[in-house]
Amino acid sequence: MAPIKFYADLRSQPCRAVYIFMKENKIPFEFVKVDLFAGEHKQDKYTKINPRQQVPFIDDNGFTLGESAAILCYIAQKSNVADHWYPKDPQKRARVDEYLHWHHSSTRANAAKTFMLQFFETIAGRPINQEEVAKYKTALAKTVSQLGDNFLKDRAFLAGDEISIADLPALCELMQLDAIGQQDLYLSNTNVKKWVVRVNGKMKPLLEECNKDGIELLRKLWLEKS
């Protein structure tokens, strides 16, 4: 069988999460870059592959799938990775699913908006809407508190005592703020800070590898324009 075709841009937080998971678990894949900044995701060539014009997206020998959470769950089940990533036990798995369902309307929604409202306006040379930024920073502060005081209150990782596919999208999303020097927005919470250290302890080489084509490039562009 041919390796999975992985359509992605590592400047995208969800793309980095899937990339790290596949690399860590030695899942064979072919990386196909879709340059978001050049608008390649909206061009006809890619639209024919994924009509929703989003990344990440995979083609597993004719089976196509979008949405990073769905991709992570699919690969974890299909590839028989270590059980801690997506446990077979219904209650343990439900904890992973619980975070993944919460992620898009909380961690991703608020961290991404806080980043985007500042980053894209700055590189376009437009004034930042500070009132709007403040609104999302307030929402993000609440999200970070919920991460630290609920999910991580009595757990080492977001869904239990071992790392899972819940931790990767969460960390990649929060780390996007590093590109604009605002990591204090999530590192101010003691439990979240300790969790970041734990995940880095397990994933640091891969985080550094994909961040070269992700956060580091974003940071460079931000510094050039700000």
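The model is predicted, so local features need pLDDT of at least 70 and side-chain atom pairs count only at pLDDT 80 or more, whereas totals for chains, interfaces and linings use all residues. Residues are numbered from 1 along each chain as its sequence is written, and side-chain values use heavy atoms, with hydrogens and water left out.

Rings of Phe, Tyr and Trp (its six-membered ring) pair if their centres lie within 6.5 Å, and planes under 30 degrees apart count as stacked, over 60 as edge-to-face and the rest as tilted.

| Pair | Centre distance | Plane angle | Class |
|---|---|---|---|
| Tyr19 and Phe29 | 5.8 Å | 80° | edge-to-face |
| Phe63 and Tyr74 | 4.9 Å | 35° | tilted |

Tyr19 belongs to helix H1 (residues 13–24) and Phe29 to strand E2 (residues 29–33), 10 residues apart, and both Tyr19 and Phe29 are buried. Phe63 is in strand E4 (residues 63–66) and Tyr74 in helix H3, so this pair ties together parts 11 residues apart in sequence; helices (H or I, at least four residues) and strands (E, at least two) are DSSP runs, numbered from the N terminus.

One aromatic cluster is formed by Phe37, Phe115, Phe119, Phe120 and Trp222. Over the ring of Phe37 sits the charged end of Arg11, 4.2 Å from the ring centre, where the rule asks for NZ of Lys or CZ of Arg within 6 Å of the centre and within 35 degrees of the ring normal.

Helix H4 (residues 90–103) has 14 residues and spans 20 Å from its first C-alpha to its last, close to the 20 Å expected at 1.5 Å a residue, the expected span being 1.5 Å times one less than the number of residues. Val96, Tyr99, Leu100, Trp102 and His103 are buried in H4.

The structure holds 0 disulfides, a disulfide being a pair of cysteine sulfur atoms within 2.5 Å. For Cys73 the nearest cysteine sulfur is that of Cys172, 15 Å away, and for Cys210 the nearest is again that of Cys172, 5.8 Å away. Cys73 is buried, with a relative accessible area of 13%, and Cys210, at 0% relative accessibility, also counts as buried.

Notes. Buried means under 20% relative accessible area, exposed over 50%, partly exposed in between (1.4 Å probe, protein chains only).
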